[in-house]
Amino acid sequence: MPKYDLLWKVILEYTIKDFLTFFFPASKDIFDYNKEPIFLDKELQQIFQPEGDQYNPNFVDKLVKMPTLDGEDQWILVHIEVQGTPEKLFERRMFRYFSRIFDKYDKQITAFAILTDNDPKFHPTKYENEFLGTSLSYQFNSLKVLDQSIDELKKNSNPFACVLLAVLAAIKGIEQGANFTFQFKKELFFEFEERELDNVKKKAILAFLDYYVNIESDELERKFYNEVKKSKANYMNIDDVIKD
């Protein structure tokens with residue numbers, strides 16, 4: 001699995017509740033956050049098998065069973081796609097996931113597309129189909145990381161804002177070069193380290209930043225790690241972050 005895909009799969013498991021409250025602050029009135037979510041990645045793979053050359057390694061799919069406040073056995077499915085490249089038929093694929101998930105579970109579904117590409121024109125939000133009086137419109141939540149405000153994310157205390165800042169550092173670093181990436185990554189690292197977060201979650205977010213944002217300069221990469229070591233900042237190795 002490509003590195004970025006693996007990192008996204010892992011960090012979403014550490015921050016799934018933060019992810020939902022980032023989109024919907026009122027979700028605390030819907031989901032029972034005192035109960036642990038159940039990740040159905042294997043079930044999702046069985047529902048939607050890759051079809052030959054149509055398999056695209058540049059996306060991450062997650063299916064989460066979230067308990068609600070309505071009762072002991074009540075839950076909602078959360079479908080998340082992290083898409084790293086523009087894809088012509090992305091909206092149709094989102095609908096196909098929805099259709100097959102609904103067929104299997106017959107439960108309420110909320111779907112999210114997190115777009116981590118650097119193409120400002122790629123912003124899918126819905127799939128529509130119409131033929132001879134029969135029509136379909138499927139709309140999903142969509143967040144374009146490239147469109148997010150760095151200043152607003154820094155002001156946001158939600159831990160998932162840190163994840164988006166890390167992705168922005170990687171996207172903008174490709175355009176701006178190694179010096180920009182070094183400064184931005186270092187700035188974010190110490191900002192995240194100072195945030196009041198659960199210790200395990202903080203370590204996971206710092207690791208995500210470290211492994212997700214590449215400084216394309218060996219000299220600046222060494223300089224970054226030397227400064228981190230001086231600060232005695234504590235964060236996870238990649239093997240510690242990855243869950244079975």
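This report describes the nonpolar cores and some of the salt bridges of the structure above.

The model is predicted, so that local features need pLDDT of at least 70 and side-chain atom pairs count only at pLDDT 80 or more, while totals for chains, interfaces and linings use all residues. Residues are numbered from 1 along each chain as its sequence is written, and side-chain values use heavy atoms, with hydrogens and water left out.

A nonpolar core is here a set of buried Ala, Val, Leu, Ile, Met, Phe, Trp, Tyr and Cys residues joined through side-chain atoms within 4.5 Å, where buried means under 20% relative accessible area, exposed over 50% and partly exposed in between, with a 1.4 Å probe and protein chains only. The largest such core holds 56 residues, of which W8, F19, I80, I114 and F208 touch the most other members. Leaving aside residues up to four places away in sequence, F208 is in contact (heavy atoms within 4.5 Å) with L7, W8, I11, V163, A166, V167 and V213. Another core, apart from it, has eleven residues, among them L44, I47, F48 and Y105.

A salt bridge is a side-chain nitrogen of Lys or Arg within 4 Å of a carboxyl oxygen of Asp or Glu, and the structure holds 14 of them, including these:

| Pair | Closest N and O atoms |
|---|---|
| E36 and K17 | 3.5 Å |
| K154 and E191 | 3.4 Å |

E36 is exposed, with a relative accessible area of 63%, whereas K17 is partly exposed at 23%.
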